[in-house]
Amino acid sequence: MSTREGITWVLAAPSGTGKTTLCRQILERDPEIKLSVSHTTRSRRPEEQDGQHYHFVDATEFDRMVRDDSFLEHAEYNDHQYGTSWAAIDAGVSKGRDMLLEIEVEGARQVRARLPKARLIFVLPPSMCELEKRLQGRGTDSDQAIRRRIDAAAREIDEITRFDYAVTNRELEACVADILAIIHAERSGDPERIETLHEKFSPKDAEERFRAQAESA
Ligand code: 5GP
């Protein structure tokens with residue numbers, strides 16, 4: 001069994017950026033990383049299983065866990081509570097497994113504060129226009145809901161410099177490869193490899209490019 005302590009990874013992205021698909025691909029291609037199963041108060045969707053996609057709990061149980069300090073982070077999203085329990089990550093990390101948290105940006109901010117050694121990756125959409133197109137293409141939201149998601153995305157992108165890395169999901173395969181390159185470099189512990197990727201995926205540079213492109217559009 002591995003003796004290294006696993007790394008806690010956070011992947012956060014505005015809604016519509018393709019975060020869930022990216023996570024699925026990463027988990028499929030890298031057997032050393034496992035998904036952290038969150039708790040939520042939202043109802044289970046037909047295709048979901050309790051304990052596998054989420055631990056589905058009621059508000060009373062969720063509040064009890066908050067009071068007991070059972071969560072590394074928790075946040076409200078669309079009128080429901082979501083949280084990552086310490087237990088969800090500790091079991092994996094102590095066995096040398098990397099854990100992947102697919103969470104929204106407020107949760108990522110809390111992880112940064114409470115678990116400084118976690119590594120945070122922000123996924124940017126290619127542009128706001130493209131994000132709007134993707135949200136419209138999903139066909140699940142009203143125009144008003146899309147507007148709200150776009151406004152939320154802008155606020156989330158304002159937080160990008162709190163992250164260690166920023167990647168852009170312009171094309172799925174390339175984006176998965178970028179994220180895996182980051183994960184493997186950090187796992188190797190090789191400072192030169194890590195530094196190269198910090199430069200390549202600098203959140204500050206990504207933010208500047210994103211904003212410059214929005215101004216020129
Ligand atoms: P959904 O209800 O579609 O599964 O998830 C809604 C949002 O909640 C997504 O952005 C997802 O990444 C986020 N989310 C899922 N689990 C957690 C969690 O444990 N903590 C936080 N902060 N966000 C979560």
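The numbered points below take up the basis of the model, the ligand and the pocket around it.

1. This is a predicted model, in which local features need pLDDT of at least 70, side-chain atom pairs count only at pLDDT 80 or more, and totals for chains, interfaces and linings use all residues. Residues are numbered from 1 along each chain as its sequence is written, and side-chain values use heavy atoms, with hydrogens and water left out.

2. The ligand is surrounded by 15 residues, the closest being Ser38, Arg42, Tyr54, Tyr82 and Glu104 (a residue is near if one of its heavy atoms lies within 4 Å).

3. Tyr54 places a polar side-chain atom 2.5 Å from a ligand oxygen atom. For Glu104, a polar side-chain atom lies 2.6 Å from a ligand nitrogen atom. An N or O atom in the side chain of Thr84 is 3.3 Å from an oxygen atom of the ligand.

4. The ligand sits in the largest pocket, where "sits" requires more than half of its atoms to lie within 2 Å of the pocket's grid points. A pocket is an open set of points on a 1 Å grid over the protein atoms alone, where a 1.4 Å probe fits, with protein on both sides within 12 Å along at least five of seven lines; lining residues have an atom within 4 Å of a point.

5. The lining of this largest pocket comprises 45 residues, with Lys19, Thr20, Arg45, Tyr54 and Glu102 nearest its centre.

Notes
A polar contact is a pair of N or O atoms within 3.5 Å; within protein, one must be able to donate a hydrogen and the other to accept it, and residues adjacent in sequence count only if both atoms are side-chain atoms.
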